[in-house]
Structures are given as structure tokens and as C-alpha cells.
Amino acid sequence: MLQVNIDGKTYNVNEGSSILEAAGKAHIKIPTLCYEEGLSIYGGCRLCVVEIEGERLLQPACATEIKEGMVIKTHSPKVQEVRRNLFELIIASHDISCKLNCLTCSKNGNCELRQAADIIGINQVRLKSRDKGYSEDRSSYSIIREPNKCITCGRCIRKCEEVQGIGIFTMANRGPATIVTTFEDKGMGNVECTNCGQCIHSCPTGALHEVYHYENVWDVLNDPSKHVVVQTAPAVRVAISEPFGAEPGAVATGQMVAALRRLGFDRVFDTNFTADLTIMEEGTELIERINNGGILPLLTSCSPGWIKFIEHFYPDLLPNISSCKSPQQMFGAVAKTYYAEKNNIPLEDLVVVSVMPCTAKKFEARRPEMEGDVDFVLTTRELARMIKTAGIDMLALEEEEYDNLMGVSSGAADIFGATGGVMEAALRTAYELITGEELEKLDFEMVRGLEGIKVAEIDINGLKVKGGVAHGLGNVRKLMDRIKSGEEFHFIELMACPGGCLGGGGQPIPTNEETRTRRMKAIYEIDKGKKMRKSHENSYVQKLYDDYLGKPGSHRAHELLHTSYTA
Ligand code: HC1
């Protein structure tokens, strides 16, 4: 421990801490735009400068390590003046529309630039903003980039490279002309972007946001000739209440269902239903591959960011990918066949909308292999925006139930939303279906939690089934390399986003270590509170097989629920 004096008070701080970390522990807020927990230090914005006794120049708190006996002033008059000048320079290089009309910005309510202005005490901006005149990058199905709003903090660059292990962004030009762009300025849709949207969570301004579908959804909801059904992903229910002021991890399933009905959706269904269906299909595929000497390990296929990643970086492992469509796409396929036929709804009148925590799901819905299953994909943030626009006080609503039959699901489906959940759900079912015995303990703790890579072994009828789990594409890459160097597994769950879907690029802002942890806790509580906790016990999934699909892995099931990918 080291002893330091910050703003006149003495603190004991851990060796190796930065001034920014030490001040944070002392509940002193130092403004910063380029610092983000978990990323390397850049020190570019300089807003976090502080005065250190004995030093002539101000020092950046993020990049300066605490030393024994340091005397630090975090908000002296000198510091405040320098911060105000620096902030004006940042603002001058930022889109002028920000000052004129921040109401239309994607970060309205979450803008870190505004938050910094608040701490710094900005009351005038003397410099004239430069309209940089860059055009928007609309090349991606998932993400829009507005370079005029970029303040070149470099967080998206570091997130993509250091956490996701990809690196599609780079700085170009020098001085005031510096800009963040993609390789040869090709646009996000034309480089190795996986559409995961983690860069959106890092962007302090509105320079990065999802491709909006909510206007299309309003249009179909207002068209009386359309029958509009909606599905909600497992991880949305533990995050949707955050934009309404609830604590992260507050569960709002029933209120979200009620709000969706008030928005005008004709049926409110649950992606969790097809998550149970996925376990039936993927479990069957796993058992077949094990019994018939098929290609192992079987790799999960539900995270579209991960699918794009393997296509770019490990195309030789594509035969290992499960042929199952994701639950989102399975839902669309079932809605547009079974549901439409049963209810005599002409396909041209049926619209399938998804609410997903994920930006890559927008890309997945447009993949040519599955196009038409799902029409529009809203992020959790977009749904919150629609609910607010409709003047609905969601948290005050009485809880309502999903519609039958595609609204009933097991706890195993709920945990799909957390890293390790698909693996755990599959193990619950595989064990009971293979052995014919009831599992004594349903909780597979070894695949839970936020550790980057998890490995578990379970004895099923004498066969030691080895499973692996990785979340966040940087960890996924490490696990892929272990496979390529010969380590043997039977089944591997891979999720593009840190924490799994609960940390998806479409989730409310902020999505960080704390919100991920709290949403995860909530997901396991939902599972624990359910009577039905195994996918194969979902009698409505059984009914779908009896009525329409035959049995898991049947020809019909393959036609509707399976696909293939080529690099
Ligand atoms: Fe996911 Fe999935 S769990 S991919 O993380 O398999 O997005 O929540 O909907 O499709 O069910 C996301 C979440 C989601 C699919 C399911």
C-alpha cells in the first residue's frame, strides 16, 4: 500500500494504481473521454490532467502511476482552466449539429461529452466548430458510423483490437484532420467487421450506432393489413428496464410483454421457445456426430458475430459448425410456416419482428442463406425508444404472459443469454436423453461466470464429454487456436460478445463489467425460479414436433431449422 494525498485528504492506495483509479476509489470524479476500464491507456484526450506537487507540468491521471507521498490536486484552478480549453478544442472538431440538435443524436441521454462538460463546468464555447464534411458510413447491415461526431478518442479502435481481437478501425491523417476509419476507408460492411457492436458501447459520442429498424416497425404496426408478431431474446428481459431508470439486472419480462401489446403487436412470443427447440436439434446433432464418428468438436451456431468471425478467420473449421439456425432464425422459420398455416395468415401479410440484445442479428436476418425468416430486428435500445415514444410507463404496467405456443420456455432457454448457458442447457438435455436418468444437480457451475474461457467435463454413460466455452472474440480466437493445435473437445459454445448476449452490442448503455455481472445474476435467478428447467421438458416444443416437424433431426426439421455457411 502507498500513502497519497488527494485534494487535501490522505488515502492508502494499492501499488501500481493510476491516479485516475486512486481518485475513483476516493469517490473523486475526474473527467475523461479516452479512458475505458479494460482497455489499454491512450492518454489522448488529456481531460484527466491533474496537478502534482513538485511537477511543473500537469499530468494525465489515467497514465500516471501513484508514487509514495504524492500530493495531487484534481480540480485546482489551473487544472480547471486547462480542462476547459482542451474541451473547447474537442468540441470544435466535433459535428456542429451536436450543439444545435443533440436531441436527435443516438447518444441523447448517454453522451459522455455532455457528462464531461457537466463535470468541467463548461459555460461557453468560444471556438467555432468545424464541419468536417465526412459522409456517413452506411455500408453495414448492422452499424452506422458518423465520422463527423467522432472525437478520435480511439476507444473503438482499442475495443475492436484488444477485446475482440480483430482491429477493423484505424486512425488516418494527422493533426486536426485525424479521423478514425476502416482499412482503405472501405466501410464497415466491406472489411472484417463481425457486426458485434462492442464499438458502440465504447463510443463516448453518437459516432457509432445500430442501423435502425424501429421506423420500419412503426410502419407495419400502423398498417392494419399486417399481422405483426414479435419475439424477444433471452437477454433482453434483464436489461430493458435500465433505460427506464431501473437498476441493471432488474427483471421486467411481464412488463415488457405488456408494453409490446400496447405498442400494437398482434402476438408476443419468446425466442426462448426456439432456444429450447435449438437444444433438441443441436443435441440430436451432437449425439449423432459422437455416435457416427462425425466431425468434432461441434461448434455452436447461435451467435451471428461469431459466425462472421469464423468465416473470416477460421474458414477451415466451418464444417465443425452446427447446422442449426440460431433461435432467432428458427423462430422466423416456424412463424412463417407452422404459425402462418395454422392461423390462415397469408405470408405477404405476416411480419416477424425480433427484439435482440445484438446488432449482428440485423446482419443475420439479411444473410442470403436465411433471408425472409425475420423481417426486422430491433435492439433492446430501440425497443426502449419505441416504448418511450408511445408514452408507455413500462415499469408501472401489470405483468402479462407471452402468447402460446411459441411463448413457453424452460429455464434452460433463459440461460442462453449468459456465457456458458447454451452449454449448460445442452448438457442438461444430453445427459437425460442419453442415460435415461434424471440429473441430480442441474446447475453446471463450471461453465458459469465471466472467465474468458471455461472448460468442463461430464461423464455420460462412461463417455467423458468435454465441453469448452468462450465469450468475447479475443477469447474465442484463443480457444480456436487450442483446437487447431490438437486439443480435443466434443462440444464448444462460442459467443461474440463479452458475457454472452447479456453484454451484446444492442444492450442499454452503459454495458460494462458491472452491468454484465448484474444481468447475469438475474438470468440465473429466472432459471432457478422456473419449474421447467430442461428444454426436452417443454411440452409445447413436443407439440410442435408432433403437429408439424416429426422428430428432432427429421427431414422437415432440417428443411426449416438448419442451414449451412460458406466462407
Ligand atoms: Fe442471444 Fe440466442 S442467446 S444468440 O445470445 O441463441 O442476440 O439473448 O436471442 O438467436 O435464444 C442474442 C440472446 C438470442 C438466438 C437465443
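Strands here are DSSP runs of E, at least two residues; helices are runs of H or I, at least four residues; both are numbered from the N terminus.

A word on the model. It is predicted; local features need pLDDT of at least 70, side-chain atom pairs count only at pLDDT 80 or more, and totals for chains, interfaces and linings use all residues. Residues are numbered from 1 along each chain as its sequence is written.

Back to that pair. Strand β16, residues 463-471, is joined to β17, residues 491-495, by five bridges, and the two run parallel. They belong to an open sheet of four strands, ordered β12-β17-β16-β15, with mixed pairing. Two strands count as paired if DSSP finds at least two bridges between them. At the edges are β12 (298-299) and β15 (453-460), each pairing on one side only. Helix α15, residues 421-435, lies across β15, β16 and β17. Its angle to β15 is about 10 degrees. Axes are lines fitted to C-alpha atoms, for helices over the stretch in contact, and angles run from 0 to 180 degrees between N-to-C directions. Contact means C-beta atoms, placed from the backbone, within 7 Å.

Next sheet. Five strands form an open sheet in the order β2-β1-β5-β3-β4, again with mixed pairing. The edge strands β2 (9-13) and β4 (59-60) each have a single partner, so one side of each is left without a neighbour in the sheet. Inside, β1 (residues 2-6) and β5 (residues 71-73) run parallel, joined by two bridges. Asn-5 stands opposite Val-71 in β5. Helix α2, residues 77-92, lies across β3 (49-52) and β5, at about 155 degrees to β3.

Now the whole chain. How many helices and strands does the protein chain have? The count is 19 helices and 17 strands. The radius of gyration is 25 Å, close to the 24 Å that the globule rule gives for 567 residues, so the chain is as compact as a globular protein of that length. That radius is taken over C-alpha atoms, and the rule is 2.2 Å times the number of residues to the power 0.38. Along its principal axes the C-alpha trace spans about 75 × 55 × 50 Å. Of contacts with a separation of 6 or more, 73% join residues 24 or more positions apart. Buried residues make up 49% of the 567. Buried means 20 or more other C-beta atoms within 10 Å of the residue's own, exposed means 12 or fewer, and partly exposed is in between, with C-beta atoms placed from the backbone.

Two single residues. Arg-385 sits in helix α13, residues 380-389. Arg-385 is partly exposed because 18 other C-beta atoms lie within 10 Å. Tyr-214 is 171 residues away in sequence, yet 8.6 Å from Arg-385, C-alpha to C-alpha. Pro-368 is in the loop between α12 (360-366) and β14 (376-379). Pro-368 counts as exposed because it has 6 C-beta neighbours inside 10 Å. Thr-253 is 115 residues from Pro-368 along the chain, with 32 Å between their C-alpha atoms.

Methods:
Contact = placed C-beta atoms within 7 Å.
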